[in-house]
Amino acid sequence: MTTTLAQATDRPPAAGRAARARVGRVLPAAGWALAVAVPVLFLGVFFVQPVVEIVGRGFVDDGRLDLTGFADVLSRPRTWRVIGQTLAQATLGTLGAVVLGVPGAYLLYRCRFPGRDALRAFVTVPFVLPTVVVGVAFRSLLVDGGPLGGLGLDGTLTAIVLALVFFNYAVVVRTVGGLWERLDERTEQAARALGASGWRVLWTVTLPALGPAIAAAASLTFLFCATAFGTVLVLGGRRYGTVETEIWVQTTQFLDLRAAAVLSVVQLVVVGAALAVTGRARARTERALSLAEPGRGARPVRLREPVDAVAVGVTAVTVLGLLALPLVNLVVRSLRTPTGWGLDHYAALAVPQDTLAVSAWQAAGTSVRTAVDATVMALVVGGLVALVVSRRPRRAAGRRAVAGLDALFMLPLGVSAVTVGFGFLVSMDAPLGLDVDLRTSPVLIAVAQAVVAVPLVVRTVLPVLRAIDPRQREVAATLGAPPGRVLRSVDLAVAVRAVGLALGFAFAASLGEFGATSFLARPQDPTLPVVIFRLLGRPGAENYGTALAASVLLAALTAGIVAVCERLRRPGIGGTW
Amino acid sequence: MTTPRGTRAALAAATAVAALTACSAVGSAEPAATGTGDGSGGTVTLVTHESFALSEGLLDGFEAESGLSVEVVQQADAGALVNQLVLTKDNPLGDLVFGIDNAFASRALDEGVVVPVDVTAPAVQDAAGYAVPGDDAGALTAVDVGDVCLNVDTAWFAAQGVPAPTTLESLLDPAYRDLLVVPDPVTSSPGLAFLLATVGAFGEDGWVDYWAGLRDNGLQVADGWSEAYYTDFTAGGGDGPRPVVLSYASSPPYTVPEGADAPTTAALLDTCFRQVEYAGVLDGAANPEGAALLLDFLLSDEVQADIPVSMYMYPVSSAVDLPAEWESWAPMADSPFEVAPADVAEHREEWLTTWSDTVIG
């Protein structure tokens, strides 16, 4: 570090060396401090503070701390029923996603077949679709007299669970597939050479190796399912209410902040537990990753192999029956006009919707611009978090701090959107004591979307940074590269692919984000999901048709973005989720 | 060091995004709406709900005439609107609020969210007819009204050879089993209006039994109006299974088939609850003078005449004409059910909880 041998200075050599040594130590330290400070400040101002303020109001009565709300809310039978329903729905949704997703991961990441890349993009689309659209797509399929009305699923727990699986299938496929394609296939080959059948290899060799990835996927899915809001309300109504929908009702309809605050704490406990499991499972995944090689094991599908046949069968049924059917139904309905079939509703997308003042295309433009802002913010913040968390400090306290930071930035996935939205209302009139009212600024919508997208960026970039052998950095440093250069030529060079993928996901998620934004004070320019929502609130078959066409536009936009990102992804590098 | 193709592509994508930022919402030259105005009379901010809309050019005309520029801030929905205003009353989101309805009016008045102001528009006489009882100072001014009523698919009933129901009581008839869908009063404001209609019709002692009867007769509850109308209703365009839906007295004109001259649905005018939407100047508004001007504008003939077209509500003004198809197919109820706003304010949550226990279980 202090090799300043040949440098001539005016000062005595010893003093110069000491000063440089100090700078050498201080600069990286300052850099790391900044890398921690920026994301912590961002999350502190735009997430922690609003949430603490709104939840705090529920616990403060006339300036005094009042925790009687706990006794009150927790003694209501409905509260416990709602907690039970949340856990039951999340558990069933998670089971479904894992049972269907693992064969999908095998087929999409371990096998080769024509159209595989397109299929990978397609299965990701539901994850980023707004629940408004999914509600329309699912219910019109399941309602009495609908194409699947005969199954009697409308308004049942099964319908909700199916929708939860619809949303989260991609999480399992990607998380498990990411590890599966890297699994060293020689262990499996050895087992086969010793005479084990395909199933036996799967049960005794492959699945145990995948265990941590499956556990990680399951916890993430559980987290998403436990906090699902629109899906549950639209498909099941309050009969199947969850903690999240109950917080929504108590906050927006009753303004019972006390009950909402207690329920928020309950949700935090559930989410915290899920995060602890996620963290543990992920840590194990990452250890396993360091043992594996980038996968070369993809081979053509062999239908005569029972394992392949089952994977193809399960995945075909899932993709066609669960994922494609609602989406196709949406497209078909958007093409139906009062006089038959046609593109009338799509033509209407270009016309300002009489009193909305903007056309759906203009709203799509607003959506894209807002998503760009959100993505840039999410990339900067999430990238810094991933960079910091990817380091393995020598001291235990440092490691705990890093793990804590990691968990902190996952929290936005688990805290109710209405809590964040109402928190913005009470805290963003003068953030940090500054004289700027952010509440009615379009910037706040982008910020809210960024807060949601940050965890996706972290989860995509972090595993790649962690997979870098620390010796690479040491070698670079030994060869004389200053810390900034090491970062650029080692970390950044490797991470840039994952950054491309993260960019796509953050972008797509922002594009469809509706939860947090629907609770914000919105200025004139509506985003596409908002326009869809408004069109659905007006009478007339044309408005309904246009809303469906706008939904298809939104789905196509998100699908296109994911597909582009799928092409950016090179096998072997990229996020595990 | 060689750059793999993919890396270049990723870099290109990142650059493209960075370039796009130049034209993004943050990067645009448009000043961030502060919502508070600068007190100089330059900006007036209207806080309203999701359904607020005016035909193109109307607001521009007001801006040109008054020299004010209007910011519109839209909130989630009518119910949440009042609660958001209560939360932010120390530092209001804008100057004028529009869209507080009679189910929430008392809460807004009790919380002191709005303050009285002088309104000079001629329609103020008509508006006074809808004043909230007890609001003697006139902090809330009625701007439009609407009747929330059950709608029936007359074509469906004709095809079945069954007479359509006409009253609330008739829906308890087993002949109409499994035919009705209504939105949840807890999550939807028309749903709440219909709950109030039943309270008005059957009294505080009878409405619970009525709903128990509806439940036993196969009532379906949807999340919101659009779910009920577009997905469950037979004539909403979604081909749903139920020919009786909760909607508005103004819905039938939108079901006139192309080339026909009569709608395929009708509103049951003996099942209605009248919704009144109010506007008021927010306490602590940065620009109360501008807010008063904007309120006058909302009561002007041009806005009043536009309300049926843009917001599907009836104007309070008696001076403007309704659209022709409304005159023919969307009359208002003669005697809608009523519940005093003060009663609503006092019992709303208790009623909603009782309703949930009875119907949702």
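Author: Buried here means under 20% relative accessible area. By that cut-off, 57% of the 577 residues of chain A count as buried. The model is predicted, and a search over all chains finds 17 salt bridges in it.

One of them pairs B:Asp232 with A:Arg139, with 2.5 Å between the closest N and O atoms. This pair crosses between chains: B:Asp232 sits in helix H8 (residues 225-232) of chain B, and A:Arg139 in helix H5 (residues 131-142) of chain A. B:Asp232 counts as buried because its relative accessibility is 1%. A:Arg139 also counts as buried, at 3% relative accessibility.

Another salt bridge joins the side chains of B:Glu349 and B:Arg107, at 2.8 Å from N to O. Its partners come from distant parts of the chain, 242 residues apart: B:Glu349 belongs to helix H12 (residues 341-360) of chain B and B:Arg107 to helix H4 (residues 105-110) of chain B. B:Glu349 is partly exposed, with 30% relative accessibility, whereas B:Arg107 is buried at 15%. As for shared partners, salt bridges join A:Arg139, A:Asp154, B:Glu227 and B:Asp232 into one network.

Within chain A, A:Asp72 forms a salt bridge with A:Arg76, the closest N and O atoms being 3.7 Å apart. A:Asp72 is partly exposed at 29% relative accessibility, and A:Arg76 is partly exposed at 28%. In general, side chains of opposite charge can pair when their charged atoms come close.

Methods:
Residues are numbered from 1 along each chain as its sequence is written. Chains are lettered from A and ligands numbered from 1 in the order in which they are written. This is a predicted model: local features need pLDDT of at least 70, side-chain atom pairs count only at pLDDT 80 or more; totals for chains, interfaces and linings use all residues. Side-chain values use heavy atoms; hydrogens and water are left out. Buried means under 20% relative accessible area, exposed over 50%, partly exposed in between (1.4 Å probe, protein chains only). A salt bridge is a side-chain nitrogen of Lys or Arg within 4 Å of a carboxyl oxygen of Asp or Glu. Helices (H or I, at least four residues) and strands (E, at least two) are DSSP runs, numbered from the N terminus.
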